[in-house]
Amino acid sequence: MNTAVHNFLFNIYPYICLAIFLMGSLARFDRDQYTWKSDSSQLLRAGQLRWGSNLFHGGILFLFFGHLFGQLTPHWLYEIFVTASQKQLVAVVAGGVAGVLCFIGLTLLLHRRLFDPRIRLTSHRTDIAILIILWVQLVIGLVTLPYSFGHTDASAMLVLADWAQRIVTFRPNADGLLALDWPYMIHLILGMTIFLLFPFSRLVHVWSGFATVAFLFRPYQIMRSRRLNVPPGHNLPRQSDASV
Ligand code: HEM
């Protein structure tokens, strides 16, 4: 790959995607709250959704947190407990299982969205596009697994983690990525693009999904009747009614 293109894709494009992801989500929440939803299609057809959605969401949440902690935990911190090769083995096996479950779920979701006429008709273009993009991203992620098994010294994982940690700490340097195989590169570019498209799709519901954790810590809701000065027991049958 041309050096200038490589530099743009892995040192500049990540910041474009992150900026649009954050600012775009804020703007959408501020301007368009009625469109801020997961747009469930459960009312149109529940059957295939139950398996599809649960397998997909279980898998993708595992993969999301796996990527987050796996990529961003500094090497010096985890090497107290495990070697890089052991960490890679756990990542490849656990990520592989979650990836396959997610793949089955996502394929079911994509199938019902494309081939159920009611769901197809009520789908927005971005609903279909985002499912296809996630599907391709997942397949490329699974394609990287044999390549990672090939590097038992965890060299690819270390290069990828170093690049990601440099991005989030504003010290970009993508030179190490030049040595990686093509599926890793495509996986990175498409992964960043998903962040870019996030605010323009139903994916905004992910923010709300994570925000529901706050429910665990919020105070109880106090429910009060809107009718004031109503005597206690007003809703019970009256004595005269009971004797009739
Ligand atoms: C954080 C927790 C999350 C919650 C609570 C949540 C909730 C939901 C709900 C309620 C739906 C509507 C369809 C259904 O009933 O299953 C949905 C659909 C969807 N979610 Fe999530 N979600 C979460 C995380 C994610 C993540 C991390 C992704 C991907 C990056 C994702 C991608 C999708 C997609 C693509 C659909 C549409 C599926 C379809 O075609 O019907 N969600 N989600």
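Hi everyone, let me start with a term: rings of Phe, Tyr and Trp (for Trp, the six-membered ring) form a pair if their centres lie within 6.5 Å, and such a pair is stacked with planes under 30 degrees apart, edge-to-face over 60, and tilted for the rest. By that rule, ring pairs join Phe21, Phe195, Phe198 and Trp207 into a cluster.

Before going on, please keep in mind that this is a predicted model, where local features need pLDDT of at least 70 and side-chain atom pairs count only at pLDDT 80 or more, while totals for chains, interfaces and linings use all residues. Residues are numbered from 1 along each chain as its sequence is written, and side-chain values use heavy atoms, with hydrogens and water left out.

Back to the rings. Searching the whole structure gives 14 aromatic pairs. In one of them, Phe8 and Tyr13, the ring centres are 6.1 Å apart and the planes are at 35°, so this pair is tilted. I will call a residue buried under 20% relative accessible area, exposed over 50%, and partly exposed in between (1.4 Å probe, protein chains only). Phe8 is partly exposed at 36%, and Tyr13 is buried at 12%.

Now look at Phe65 and Phe69: their ring centres are 6.4 Å apart with planes at 20°, so the pair is stacked. These two sit four residues apart in helix α2, about one helical turn. Helices here are DSSP runs (H or I, at least four residues), numbered from the N terminus. Phe65 is partly exposed at 35%, whereas Phe69 is exposed at 54%.

Next, the metal. Which protein atoms are donors to the iron atom of the ligand? They are NE2 of His57 and NE2 of His205, lying 2.0 Å from the iron; donors are N, O and S atoms within 2.8 Å of the metal (3.2 Å for Na, K and Ca), and water is not among the atoms, so sites may look incomplete. The iron site has six donor atoms with angles of 87 to 180°, and is octahedral; for six donors, that term asks for opposite donors over 155 degrees apart and all others between 65 and 115. His57 belongs to helix α2 (residues 47–72) and His205 to helix α9 (residues 205–211), so the pair ties together parts 148 residues apart in sequence. His57 is partly exposed at 32%, and His205 is partly exposed at 23%.

On to the interior. A nonpolar core is a set of buried Ala, Val, Leu, Ile, Met, Phe, Trp, Tyr and Cys residues joined through side-chain atoms within 4.5 Å. The largest one here holds 18 residues, and Phe56 and Leu106 have the most contacts inside it. Helices α2, α4 and α6 each give two or more residues to this core, with α4 providing the largest share, five residues. Contact means heavy atoms within 4.5 Å; leaving aside neighbours within four places in sequence, Phe56 touches Cys102, Gly105, Leu106, Leu109 and Leu134. Apart from this core lies another of 17 residues, including Phe10 and Leu177.

Let me finish with helix α6. Its buried residues, among them Ile128, Leu134 and Ser148, pack against α2, α4 (84–115), α5 (117–122) and α8 (182–197).

Technical notes:
Four donors count as tetrahedral if all angles lie between 85 and 135 degrees; four count as square planar and six as octahedral if opposite donors are over 155 degrees apart and all others between 65 and 115; anything else is irregular.
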